[in-house]
Every structure is written in structure tokens, then in C-alpha cells.
Amino acid sequence: SNTNGAPLPAYNNPVDVYNFQNTTNVLFNLNLTLCENDASVILTGGQPNGGVYSGNGVINGSFDPSTVGGGVHAVFYILNNDSASTTITVNSLANANLITTGPFCDNETGVILNSVTTGGVYSGSGVINNTFNPDIVGAGSYWITYTLTDVNNCTQVIQTLIEVNTSPLQPSILQNTNTLSCNTTAVSYQWYDANLNIINGANSQTFSPLIDGGYYVEISTGVCTVLSDIFQFVSTTDILDENSDFSIIISDMIIVSSNSSADYIYISDILGKQPFFQ
């Protein structure tokens, strides 16, 4: 019988067990999977009509996945103190942050763009086939857009502001006797041999090579670097007499300078053997 003593004819078998605690007249059918960045969804599926929806992320009858984040969330439909529930799955977004953020220099080209999660498409000024070309856009600030659709079919668009700095002008190398010097004042210097191997300790604006050959110098502003063209170094020898009356410079040719006249000039080897020039 019910609480008023009235018989319940449908429940009259003394050997049956009746569970009156889980009976409900309210139904809630909803099969919903969302992405974390999807817009709010108006909730439906509660029966009979006239009830209200509640739960984490539910505001005025709509479910907002951006407020609850990824996971499985319970949602309730309540009518006349009776309720039914279901779950909504929210897929978290993949990490699409840009790794290749610079800063870059305006003499760089073909910078390969990479993000934490690969598989998307890059766009923006100076972007060609998912590579960024600072030498095309020049110095300034630029937005790089990354559009990614992940394994859960969730799409997101990430924008990253990157900087392109002005690189220094290409330096030149000058030779004064047996010393090479860079014609540009910079924050730092690095000299290289003809094979672009670093010369240890050669970090000044000037450099005195020990052997003839090709040399480069790289200068830096502290952010951007630029490499000179190769310079062919040939050592020279200056010869002065005791009275400093004349000088001889030997490189790929012999140059004799004198303040007085001379009838003959003899040049012999270091062992004093027969002159080989006259």
C-alpha cells in the first residue's frame, strides 16, 4: 500500500522484491561529445518537458565546454523533485604552441616552423610551404598563424607574434702588412679559415694569420650575425736598411721604395748564396 494506506494492486506478490527507490518519471537522453573550444550547446532531451538542466558547465540551459575543460561531465535534468542524468564528453585540445619563435634576422631564409603538435598548416607574411622567410618581409613584427585539426577532430587556430631584427651590413677584410682587420665595428667577432672552421681565440677586430690562405670574419650585433666574403691573405716582408733610406715589401711581387738613387739592388737567400735577383 502507499503512504495513505491505499492498496497497490500491481505489487501484490509476497515472494517478489520491489524497489521503490529508483523509479522515476523523468528521462534524459543526450549523446554529446564536444571539443574544449566549441561554443555553448543548448541542452535538450529531458522528458517530460518543463524541467531544468543543471551540472558543472551548465548556464541557463546551455552547456559551455570551455568553462569545464576536458573530461567526462555529469549533467542533470530535474522536474518536480525528480531527476535523471547523463554525461557529456569534452575532448581537450592538443598543445599547438609554436616552438620556432625567434627572434630572427632579416638575412635569414627558409626557417622551418615547428609546433609542439605537428600536422597543421602555417600561414602569414613570409610563410611559404610551412617555412618562414625573414629576408622576404624584412625587419618588423609579424603574426604567424597555425591551424591544427587533431585526432579528436578538434580544430584550433593559434597566432604567435614574432620579431625580425635588422642584421648588420656585410663586413670587408683589409690587410695591413701581416694583419687582417674588419672594417666594421661590432659587438663581437669570429675569424674562420677557408673551410669555415672556427679559429680559436681569433675574436678581435684584427687578426694576424700564421699561414697564407683564405679567411673569413663573422660579426655580430648581439642578436644578428653576418659573414664576410673570403679574403686571400698573402704574408708580406718589410726590409729596411740601417739608415731607413729604402724599404722592400715582398708579397706576390717585390716593391722597392727609396729616397735616394741606387745603381744596383742584389737580393740573396738567407744563407748568403749567390744573388738570384739583380
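Reader: What makes two strands count as a pair here?

Author: Two strands pair if DSSP finds at least two bridges between them. The model is predicted. In it, three strands form an open sheet in the order β11-β14-β13, with antiparallel pairing.

Reader: Which are the edge strands of that sheet?

Author: β11 (111-112) and β13 (127-128) are the edge strands, each pairing on one side only.

Reader: How do you know that β11 pairs with β14?

Author: Two bridges join β11 to strand β14 (residues 131-132), and the strands run antiparallel. The cut-off is at least two bridges, so the two strands pair. Within this pairing, I112 stands opposite T131 in β14.

Reader: What is the strand order in the open sheet of four strands?

Author: The order is β10-β16-β15-β12, and the pairing is mixed. β10 (104-105) and β12 (121-123) stand at the edges. Each has a single partner strand, so one side of each is left without a neighbour in the sheet.

Reader: Why do β10 and β16 count as a pair, and in which sense do they run?

Author: β10 and strand β16 (residues 155-165) share two bridges, in the parallel sense. At least two are required, so the strands pair. C105 has N165 in β16 as its bridge partner.

Reader: How many bridges join β17 to β18?

Author: Four bridges join strand β17 (residues 173-176) to strand β18 (residues 179-182). The rule asks for at least two, so this is a pair, and the strands run antiparallel. N176 has T179 in β18 as its bridge partner. The hairpin of β17 and β18 has two residues between the strands. There, T177 takes a positive phi near 55 degrees.

Reader: How many aromatic pairs are there?

Author: The count comes to eight aromatic pairs. One of them is Y122 with Y146, a stacked pair.

Reader: Why is the pair of Y122 and Y146 called stacked?

Author: The rings lie 4.4 Å centre to centre, with 25 degrees between the planes. Pairing needs centres within 6.5 Å, and stacking needs planes under 30 degrees apart; therefore the pair is stacked. Y122 lies in strand β12 and Y146 in strand β15 (residues 140-149), 24 residues apart, so the pair links distant parts of the chain.

Reader: Are Y122 and Y146 buried or exposed?

Author: Buried means under 20% relative accessible area. Y122 is at 9%, so Y122 counts as buried. Y146 is at 2%, so Y146 counts as buried.

Reader: Which residues form one aromatic cluster?

Author: W191, F207, Y215 and F233 form one aromatic cluster.

Conventions:
Residues are numbered from 1 along each chain as its sequence is written. This is a predicted model: local features need pLDDT of at least 70, side-chain atom pairs count only at pLDDT 80 or more; totals for chains, interfaces and linings use all residues. Side-chain values use heavy atoms; hydrogens and water are left out. Rings of Phe, Tyr and Trp (its six-membered ring) pair if their centres lie within 6.5 Å; planes under 30 degrees apart count as stacked, over 60 as edge-to-face and the rest as tilted. Buried means under 20% relative accessible area, exposed over 50%, partly exposed in between (1.4 Å probe, protein chains only).
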